[in-house]
Amino acid sequence: MDNDVAAGRGNASTLGQLALGLTLLAFGLGHTGVIDGVSAADAVGLAVWVGGVTLFVAGMLELRAGNAPGGTAFAGLGAFWFTWGRGAGADASAEATGLFLVLFALLALTLTLGAAAAGRLAQGVHGLLCVSLLLLAIAQFAGNDGLAQVGGWAAVLSGAGAWFAATAPLVSWPARPGPAADRGVTVSG
């Protein structure tokens, strides 16, 4: 086995980006109402296993490889998705749900600020996630379905960015590298 892969370097960042992208796309599309009969609750299984477990494992691999920003991002977001997926459908008040979303919006804000070295794409993914979670939190507090749809679209855009960050290097799509590319840092979590 390649030592880089065994040490967690190599595919963990790509795996994490794919897991984040797919989970955000499903979660976001569920909130938009654009697909008839599909809601955010339909993304629960994906959120727990792909978003929660896979992101957490990718985070641990990134931390083991010495990538603290990427490992923190993937592990923290894995905790978010696992908790959201396991708690979906529970008898939580709108206020408790809104507070949960605000707390993880703070994580997304921290990740946005910390992603400067990873480049604008990583900052955009985390920034849109932060906006999405804030809009969804406000929608919970206010009982506003229209605002929840806007939050869903922000999650879709964030998911598309994460998906692109993983797919571009795998299929050799041209992507404008961020400042981190010169230092050998990959776009992470």
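The stops below cover the overall fold, the confidence, the aromatic side chains and a surface patch.

**Before selecting.** This is a predicted model, in which local features need pLDDT of at least 70, side-chain atom pairs count only at pLDDT 80 or more, and totals for chains, interfaces and linings use all residues. Residues are numbered from 1 along each chain as its sequence is written, and side-chain values use heavy atoms, with hydrogens and water left out.

**Stop 1: the whole chain.** Helices (H or I, at least four residues) and strands (E, at least two) are DSSP runs, numbered from the N terminus. Of the 189 residues, 41% are buried (under 20% relative accessible area, with a 1.4 Å probe and protein chains only; exposed is over 50%, and partly exposed lies in between). Among contacts with a separation of 6 or more, 72% join residues 24 or more positions apart; a contact means heavy atoms within 4.5 Å.

**Stop 2: colour by confidence.** pLDDT is the predictor's confidence in each residue, from 0 to 100. Its mean for the protein is 87, and 86% of the residues reach 70 or more. Select helix α6 (residues 120-142), where confidence is highest at a mean of 97, and then helix α1 (residues 3-6), where it is lowest at 36. Over residues 1-10 the pLDDT is below 50, and this stretch has 11 contacts beyond near neighbours in sequence. Residues 180-187 also stay under 50, with 12 contacts beyond four places in sequence.

**Stop 3: the aromatic side chains.** The structure holds nine aromatic pairs. Rings of Phe, Tyr and Trp (its six-membered ring) pair if their centres lie within 6.5 Å; planes under 30 degrees apart count as stacked, over 60 as edge-to-face and the rest as tilted. Select Trp81 and Trp84, an edge-to-face pair with 6.1 Å centre to centre and 90 degrees between the planes. Both lie in helix α4 (residues 68-87), three residues apart, and both are buried. Next select Phe100 and Phe104, a tilted pair at 5.1 Å and 55 degrees; these two lie in helix α5, four residues apart.

**Stop 4: the surface.** Which residues form a nonpolar patch on the surface? Select Leu99, Leu103, Leu106, Leu109, Leu113 and Phe141, which together have about 590 Å² of accessible area. Patches are made of residues with over 30% relative accessible area and no salt bridge, like charges being joined within 9 Å and nonpolar side chains (Val, Leu, Ile, Met, Phe, Trp, Tyr) within 5 Å. A salt bridge is a side-chain nitrogen of Lys or Arg within 4 Å of a carboxyl oxygen of Asp or Glu. Accessible areas come from the Shrake-Rupley method with a 1.4 Å probe; for residues, only the protein chains shown count as cover. Helix α5 (residues 94-114) supplies the largest share of the patch, five residues. Leu99 counts as partly exposed because its relative accessibility is 46%.
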